Amino acid sequence: MDFGYPVLTSLIVFPLVAAAGLFLIKSPQVARAYTMGASILELILGLPLLFFQFNADFQFVEKASWVPQWGLEYSLGVDGISYLMVVLTLAILPLCVMCSWTYISKRVKEFHFCLLFMTSACVGVFAALDLVLFYVFWEAMLIPMYLLIAVWGGDQRRYASLKFFLFTLAGSTLLLAAIVAFRITGGTFSIPELMQMNFSFRFQYWAFLAMALAFAIKVPMFPFHTWLPAAHVQAPSAGSVILAAVLLKMGTYGFLRFCLPLTPDASVYFAPLMIAVSIASILYGGAIALGQEDIKKLVAYSSVGHMGFVTLGIFLFNLRGVEGALFQMLNHGIITGALFMMIGAVYERSHSRAISDNMGLGKYLPAFMGFWGLYALASFGFPGTNGFVGEMLVFTGAFQKSYYIGALIVPGALLGAAYMFRVSLKMAWGRPASAKTWRDLNSREWAYLLIPAIFVFYIGLAPKLIFNIIDPSVEKLVNDLKARTTTEQVAAAQPAPAAIAAVETPAEPVNN
């Protein structure tokens, strides 16, 4: 379908152009309004995405020669796996602008420049169909996220920003090595073409390890999670929202887009390990969150557990598990993003993130606690909310795979309810009351909290649209994985010794 302009390119380029325009503005208030207008225009440019067809093909495809001598192409497209992430990225930008309207008072232009630049890089990551193009966007998002923490973060912002940068850079180096190996072995950087190739198990073994480590750091999975609480606690509210809603999803998206289609045999071989680490992330994240006295750190550790459900769903290799993973990716972005916005709102009143300094809000801030209660219920998967749909799908997939796996993740769900009830009860009815002189939500806060609430109920009560979007791509992914995996060979294979070179002879295309 021709819309008269390249949709995905526009969504990538427009934020960069708008970001450059910020430097012509002198007034901080005008810069805020300008960025808000730019975020709305970005949503308007994305309206053609509403015409997404319910099939497994890549859509809105754009392709142009980039560096023909190296076989590089500027290639973009979305399918059911990436579509929701692009839409989530576009929707998060205006919410970030609104929640930081009064929170950010210094270097306002530069702050909004980082927000726009980040949006461009994130859309590029989810839309890229060329490995090098994907890597360029993957690395580009490091710069604005580092600055958001280092410049506008808390007292320990330098430590947190450096830790975030070093962890992510280490993963990126491994990812780059895998990309080069795929080019040498497969003869192309094109992701759709590489998906049609069969690689030897030894090559898949090392390629999977390199990519999986990079993506595990980004998720982050236990034990690579230590950068996340520091980054969340020190980042400004908008930075935490982007980090939770979009950046963490890059890791799980990488597992779905690269590990399963490009290294299916190795994915099956390492699945028991990935399932074990996912379960550890679920239990560890929940247990540590239960003991936190800092609200923001509590929600940060809860992300480790929630993202553990996502990686678990992916490596169950069944329809319900992968469906649940995609639902959880979307739902975690909506719910946790909203919780971080609420933490920013209450911090502006109390100037503290400690639970003990934010108690007794139920009487004086009833609207605030009403929204908090909704997102808390959605966070641990209360029926009728969006969190329930994704979590139930993962549980279904887990029990289909093995009763032992299903039984092991039940405590994770119970821990989720425990830590969210604990903090919510203290904030609502705790004594002494801290909020006697605080004002309840203003109109701007109502706006940016009401929008996610609508989707909490819509997805929770009527998830059919999301199923229609993701199911064709999920079914194709799962069926292709089963068809291309040589189970007997994988079961009999031994881990390749270190002396074996990662680069094999060129792969042969699959004959369909």
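## The largest pocket

The model is a predicted one, and its largest pocket holds about 780 Å³ of space. This pocket is lined by 32 residues, and those that lie nearest its centre are Leu50, Val87, Leu88, Ala91 and Phe455.

Four helices, α3 (83-99), α14 (319-350), α19 (443-461) and α20 (464-484), each supply at least two residues of this lining, and the largest share, 10 residues, comes from α3. By class, the lining of the largest pocket comprises 29 nonpolar and three polar residues, with no charged residues.

## The cavities

A search of the whole structure finds three cavities of 30 Å³ or more. The largest cavity has a volume of about 80 Å³, and of the 15 residues that line it, His306, Phe309, Gly412, Gly416 and Tyr419 are the closest to its centre. At least two residues of this lining come from each of α12 (264-290), α13 (295-314) and α18 (403-429), with α18 giving the most, five residues. The lining of the largest cavity divides into six nonpolar residues, eight polar residues and one charged residue.

For the second largest cavity the volume is about 60 Å³, and its lining consists of His306, Gln328, Asn331, His332, Ile335, Thr336, Ala378, Ser379 and Gly387. The elements that give two or more residues to this lining are α14 and α16 (366-379), and the largest share, five residues, comes from α14. By class, the lining of the second largest cavity has two nonpolar and seven polar residues, and no charged residues.

## Packing of α5 and α7

The axes of helix α5 (residues 131-140) and helix α7 (residues 157-186) come within 10 Å and cross at roughly 170°; the two helices are therefore roughly antiparallel to each other. In this contact, Leu131, Val132, Phe134, Tyr135, Trp138 and Glu139 of α5 meet Leu169, Ser172, Thr173, Leu175, Leu176, Ile179 and Phe182 of α7. By class, the contact of α5 with α7 has 10 nonpolar residues, two polar residues and one charged residue.

## Gly37

Gly37 has its place in helix α2 (residues 28-45), and at 30% relative accessibility Gly37 counts as partly exposed. Between Gly37 and His232 the separation is 195 residues in sequence and, from C-alpha to C-alpha, 27 Å in space.

Key: Residues numbered from 1 in each chain as written. Predicted model: local features only at pLDDT ≥ 70, side-chain atom pairs only at ≥ 80, totals over all residues. Heavy atoms only, no water. 1 Å grid on protein atoms, 1.4 Å probe; cavity = no way out; pocket = protein on both sides within 12 Å on 5 of 7 lines; lining within 4 Å. Points joined across faces, edges and corners; volume = space filled by probe spheres on them. Nonpolar A, V, L, I, M, F, W, Y, C, P; charged D, E, K, R; others polar. Axes fitted to C-alpha atoms, helices over the stretch in contact; angles between N-to-C directions. Parallel < 35°, antiparallel > 145°, perpendicular 65-115°, else oblique. Contact = heavy atoms within 4.5 Å. Buried < 20%, exposed > 50% of the residue type's maximum accessible area, 1.4 Å probe, protein only.
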